[in-house]
Amino acid sequence: MDEFPAERSAIVTGAGSQRGIGRATAHRLARAGWSVGLLDIDATAVRSLAAELRSAYGGVAVGAGADVSQSTGVADAVAEVTAELPPVLGLANVAGVSSATAYLDVDDDEWDHVLRVNLFGMHYVIRRVVPHMISAGGGRIVSVSSVSAQRGGGTYSKTPYSVSKAGVIGLTRALARELGPHNITVNAIAPGPIDTDIMGGTLSDERKAQLTADLLVDRVGTVDDVAAAMNFLLSEESGYITGQTLNVDGGLYMH
Ligand code: NAD
């Protein structure tokens, strides 16, 4: 592919929550000219976001309900949205759940759920979207990991979350290698503390101050900080970057 076609689409998972990274990413991409397919366990939320994006930016926007931890449901939802979308060149893998339970108290169900949503879910979506990218001549995959993968937690979520997000980095590197010959780049973003509701509810000013104490930038991150990085890594001009993890974390972790 010499250059991205004007009519192109990105799939965004986890776009349902009102104050989340997925929603901000969907807005950022639609504003940049992408048509978008939105997947979330909350079907009503992504359908209504799709309508909002169509009226704000034009272009195609379509939402479908999917529990990303269920392989068959993911296949159905990807087929549903791609049927209406222009060629798919982008995937923003954002859907995820937190897990703040101490290791010795984590039961099997919680362990399995966190791994299934945060890691298997990304794999299930990637596997269904990649054939569309190959048909389109290439693409960009960006999956949301976390600084918790690199620091072993330390902000809110604990062990199964860190394990799942470290898995996302391994998945990213392995797929960068395997999908490179198809002209597909594969990268991860590792956010630090971002002002959303995933860390046990909306952050109070006191919690924001605590979370900021270890940072080099004197504030918690915003969803737009992550959406801007996502927009860059999904863009045509990021084509020489693959297999990387970009920390959007206010300097919390340097590697
Ligand atoms: P959020 O809770 O607002 O968003 C998570 C989204 O995933 C929601 O829309 C939710 O409905 C969806 N989701 C959850 N389970 C799902 C499932 N089984 N199938 C489909 N969709 C499902 O939180 P957020 O902060 O926007 O999180 C987005 C991503 O960023 C997550 O992967 C999270 O782990 C990661 N992250 C967040 C932070 C942070 O500080 N907010 C830091 C590092 C990484």
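Where does the ligand sit? In this predicted model, the ligand sits in the largest pocket. A pocket is an open set of points on a 1 Å grid over the protein atoms alone, with protein on both sides within 12 Å along at least five of seven lines; a molecule sits in a pocket if more than half of its atoms lie within 2 Å of its grid points. Residues are numbered from 1 along each chain as its sequence is written. For this predicted model, local features need pLDDT of at least 70, side-chain atom pairs count only at pLDDT 80 or more, and totals for chains, interfaces and linings use all residues, while side-chain values use heavy atoms, without hydrogens and water.

The ligand is surrounded by 27 residues (a heavy atom within 4 Å), and Ser17, Ile21, Asp40, Tyr161 and Thr196 are the closest. By class, this shell has 15 nonpolar, nine polar and three charged residues. The protein buries 91% of the 820 Å² that the ligand exposes when taken alone (Shrake-Rupley method, 1.4 Å probe).

The chain has eight helices and seven strands (DSSP runs of H or I, at least four residues, and of E, at least two).

Note on methods:
On a 1 Å grid over the protein atoms alone, a cavity is a set of points where a 1.4 Å probe fits but cannot get out, and a pocket is an open set with protein on both sides within 12 Å along at least five of seven lines; lining residues have an atom within 4 Å of a point. Ala, Val, Leu, Ile, Met, Phe, Trp, Tyr, Cys and Pro count as nonpolar, Asp, Glu, Lys and Arg as charged, and the others, Gly among them, as polar.
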